[in-house]
Structures are given as structure tokens and as C-alpha cells.
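Here is a friendly walk through one protein chain. Have a look at the picture first, then read on.

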Amino acid sequence: MLVVMTHDVLVVEDEEDIALPLVRTLEREGYHVSRVATGEAALDHVDHEQPELVLLDLGLPDMDGIDVCRKLRSDGFDGAIMMVTARAGELDLVVGLDVGADDYLAKPFGLAELQARVRALLRRSAARVPQDTAVVTPSGLRVDTAARRVSLRDEEIQLTAKEFDVLALLATHHDRVVSRDTLMNEVWDENWFGSTKTLDVTIGRLRGKLEAAGATERVVAIRGVGFRFETGG
Ligand code: CA
């Protein structure tokens, strides 16, 4: 059986040495790839073509990639955005996630890693579901945000309110990084004066319960940034 599915991907990168192998790799994967070298051209392209994924370099000649990302989101672009950055600073990554990027790739990166992350992002955007219904992960873990219930193969998993909130937020952003700040703000609130250690403890308990239930999902810590919910196996 041959299944043909073409995804439109936009590469925003000014350096030829980086852009060319990147474009070639994505084309070999079967994606329809366009490439531009400036922030202005990226905004214009997205406006006209509405690609499903934008790979966005942060160091562009005319605009900061962070501003391009913010502008894409404020213009209503709801496809996936992956920042590609040589800036190792954790602050940049957190800012990037806060302005609407879904994931990031640090330069230098391996092409195999690029392929895996792009596949994960495109799978996620194809499986997007409304917030008030159930999220079902590829392995069958069902997170019902309306009924606040979690089950795997019809077996309910008992979670505390905070464990549920953390899981629901991570699961609705499957394969994307959710920053620690977002988790703290959404699950706890601005009146919370306790330690962010609470988040780590809650994540630890959640991991234990998912594992005990036989789920193949993992909550992966992205050091200094946040967490990503992935389906393993
Ligand atoms: Ca650059």
C-alpha cells in the first residue's frame, strides 16, 4: 500500500551551509520544502502558503527570529514552529517557547535528530484535537479533560488534581516542550509562593503512576527549560 502525504515545510535560514543539507534532508523525507533567508520573506511566505511547519533560525539578517515567531502567532498562524538556534542560552529557549514556538533544535544538530523531531511535530499537528474533548496518545492513553479522567486500555489511572492538570497540559502539547514557567503558571498560580520543587515532585509521582499502569509515554525533562511528553516504544 502506498500512502502519499505531502507536508509543506518552510525553512527560514540565511546560511547556505546550514540551509542546503537541511532542505535536502527534508526533501528526501518526502516533504514539500520551501526556503527563505529573511524574516520578512518568512512572514510573507507563511501568509500566502500556510505551511504546516516552519523551521526558524533565530539569527536572521533583517529580524530576530524571536520577533518573527511572535509575529507569526499574532497573525494567527497555527502550524508548528521549530526554532533552530546556535544560542545555547536557556533564556532564549524559554522566551522562544513563550512567544509560541513548539520545539527547538540546537545547532549543531544531527540530521537524524532533525528528521525525528520534524516527524514528531507533524504527527502532532495532524492529531490535534479540541481542548474540551479527550486527547488520545498514539499508545492509547486517554486523557479526558472534560471529565478529568485518565485511562489506558479502559483501566482508569487515579491521579491527584495537580497530577491531572500537569498531565493534561503536557498531553495536549504532545511532543512539544512545555516550559516550567507555563506549568507553574497554569497548574499552580501567581499566588503560589512555594518552591518549584513541587513541580518536580508532582512530575515524579506522575511518572511513577504512568509506569505502573504500563503506559509507554514518558515525561522527558529538558534541562533548564521544561518537559516534553513523548510516546516511547
Ligand atoms: Ca543565521
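Let's begin with a word we'll need: a residue is buried under 20% relative accessible area, exposed over 50%, and partly exposed in between, using a 1.4 Å probe and protein chains only. Helices (H or I, at least four residues) and strands (E, at least two) are DSSP runs, numbered from the N terminus. This is a predicted model, in which local features need pLDDT of at least 70 and side-chain atom pairs count only at pLDDT 80 or more, while totals for chains, interfaces and linings use all residues. Residues are numbered from 1 along each chain as its sequence is written, and side-chain values use heavy atoms, with hydrogens and water left out.

**The whole chain**

The chain has 8 helices and 12 strands. Out of its 233 residues, 46% are buried. If a contact means heavy atoms within 4.5 Å, then 56% of the contacts with a separation of 6 or more are between residues 24 or more positions apart. The accessible surface (Shrake-Rupley method, 1.4 Å probe) is about 11900 Å², and carbon and sulfur atoms own 50% of that.

**Helix 8**

Now for a closer look at one helix. Helix 8 covers residues 197–212, and its 16 residues should span 22 Å at 1.5 Å a residue; the expected span is 1.5 Å times one less than the number of residues. The end C-alpha atoms are 23 Å apart, which agrees. Which residues of helix 8 are buried? They are Leu199, Thr202, Ile203, Leu206 and Leu210. An α-helix has 3.6 residues a turn, so residues three or four places apart point the same way.

The face turned away from that buried side carries Lys197, Glu211 and Ala212, which are exposed. Among the elements covering the buried residues of helix 8 are helix 6 (161–171), helix 7 (180–187) and strand 11 (217–222). Just after helix 8, Gly214 has a positive phi of about 85°.

Strands pair here if DSSP finds at least two bridges between them. Four strands make an open sheet in the order 6-7-8-9, with antiparallel pairing. Strand 6 (134–136) and strand 9 (155–156) are the edges, each with a single partner strand, so one side of each has no neighbour in the sheet. The pairings look like this:

**The calcium ion**

Which protein residues are donors of the calcium ion? Asp14 (OD), Asp57 (OD) and Gly59 (O) are, at 2.2 to 2.4 Å from it. Donors are N, O and S atoms within 2.8 Å of the metal (3.2 Å for Na, K and Ca), and since water is not among the atoms, sites may look incomplete. Along the chain the donors follow the spacing D-x42-D-x1-G. Asp14, in the loop between strand 1 (8–12) and helix 1 (16–28), and Gly59, in the loop between strand 3 (53–57) and helix 3 (65–74), are 45 residues apart and link distant parts of the chain. Asp14 counts as partly exposed because its relative accessibility is 27%, and Gly59 is partly exposed at 39%.
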